[in-house]
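Colleague: I am new to this structure. Please take me through the terms used for it, and show how each value leads to its label.

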Amino acid sequence: MKLLVDIRTRKALLALAVAASASVALPALAQAPAIGQAPAVGQAPAIGQAPAPATTAPAAPAEMAAGDKPVSYSEDQATRGKETYTRVCADCHGDDLRGGLIGGPPLRGNAFDDKFANGSPASGLFGFISTQMPPDSPGQFSPAVYAELTAYILKQNGYTSGAALPTDLDALDHLIIQK
Ligand code: HEC
């Protein structure tokens with residue numbers, strides 16, 4: 001956690017430094033148009049674009065906001081989740097989570113990551129499963145069982161175990177799925 005904060009702080013400082021050096025360079029550029037062009041609407045984008053790379057740089061780490069932690073689950077949850085998954089979900093999503101015989105999308109890989117991982121809070125994945133799955137009777141399990149299913153999917157996606165995954169949505173909001 002401290003490491004993450006340090007990295008973020010350093011990136012932010014770096015961004016500031018780049019922005020600062022960019023703004024030092026800018027007055028020289030800004031002097032190019034004649035003074036008569038003062039409103040210089042046409043010039044504005046050029047000035048605005050210069051620091052853009054600096055502002056995009058810290059965007060990804062910034063998703064791990066204060067109070068957020070990397071997601072974790074207990075091995076116990078994943079083990080129980082596997083049992084339920086195999087019984088209820090595997091026909092559609094595959095034993096290996098790579099897609100099943102009757103039409104469920106893969107629960108690993110790029111498309112999955114874009115929707116549910118890559119910095120998303122665990123509340124997204126847990127929320128989807130617990131309200132939409134299985135399609136013929138969504139919400140049929142207890143929150144604890146949905147947390148176990150979520151834990152198993154996380155494990156199969158390579159996330160490491162640790163503290164148990166909670167079922168509380170507010171808590172899940174602060175647990176970030178990020179490799
Ligand atoms: C009858 C087939 C079927 C069963 C059984 C089923 N699913 Fe699904 N699942 C689907 C389909 C179809 C979608 C895509 C629906 C959508 O995008 O709205 C989906 C989507 C998902 C997604 C989102 C994937 C994505 O990339 O959008 C997750 C996560 C998921 N299912 C988990 C589960 C879990 C966990 C179970 C077992 C409790 C389960 N599903 C049972 C068919 C199934």
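Modeller: Start with contacts: two residues are in contact if their C-beta atoms, placed from the backbone, lie within 7 Å. Residues 24 or more positions apart account for 70% of the contacts in the chain with a separation of 6 or more. This is a predicted model, in which local features need pLDDT of at least 70 and side-chain atom pairs count only at pLDDT 80 or more, while totals for chains, interfaces and linings use all residues. Residues are numbered from 1 along each chain as its sequence is written.

Colleague: How many helices and strands are in the chain?

Modeller: The chain has nine helices and three strands, where helices (H or I, at least four residues) and strands (E, at least two) are DSSP runs, numbered from the N terminus. From the N terminus on, the order of the elements is α-α-α-α-β-α-α-β-α-α-α-β.

Colleague: Why is leucine 97 called buried?

Modeller: A residue is buried if 20 or more other C-beta atoms lie within 10 Å of its own, exposed if 12 or fewer, and partly exposed in between, with C-beta atoms placed from the backbone. Leucine 97 has 21 other C-beta atoms within 10 Å, so it is buried. Leucine 97 sits in the loop between helix 5 and helix 6, and its phi is near 65°, a positive value in a residue other than glycine. Of the 179 residues of the chain, 19% count as buried.

Colleague: What makes asparagine 118 count as partly exposed?

Modeller: Asparagine 118 has 15 C-beta neighbours inside 10 Å, and therefore counts as partly exposed. Asparagine 118 lies in the loop between helix 6 and strand 2 (120-121). Its phi, near 50°, is also a positive value in a residue other than glycine.

Colleague: And why does aspartate 113 count as partly exposed?

Modeller: Because aspartate 113 has 16 C-beta neighbours inside 10 Å, it counts as partly exposed. Aspartate 113 belongs to helix 6. Aspartate 113 and isoleucine 177 are 64 residues apart in sequence and 8.9 Å apart in space, C-alpha to C-alpha.

Colleague: What makes helix 7 oblique to helix 8?

Modeller: Two packed helices are described by the angle between their axes and the distance between the axes. Axes are lines fitted to C-alpha atoms, for helices over the stretch in contact, and angles run from 0 to 180 degrees between N-to-C directions. Helix 7 and helix 8 (residues 143-156) pack at an angle of about 120°, with their axes 9 Å apart. Angles under 35 degrees count as roughly parallel, over 145 as roughly antiparallel, 65 to 115 as roughly perpendicular and the rest as oblique; the angle therefore makes helix 7 oblique to helix 8.

Colleague: Which residues of helix 7 and helix 8 meet?

Modeller: Among them are Leu125 and Phe126 in helix 7, and Tyr146 and Leu149 in helix 8. The residues of this contact divide into nine nonpolar, two polar and no charged (Ala, Val, Leu, Ile, Met, Phe, Trp, Tyr, Cys and Pro count as nonpolar, Asp, Glu, Lys and Arg as charged, and the others, Gly among them, as polar).

Colleague: Where is proline 134 found?

Modeller: Proline 134 is in the loop between helix 7 and helix 8. A cis peptide bond joins methionine 133 and proline 134, with omega about -10°.
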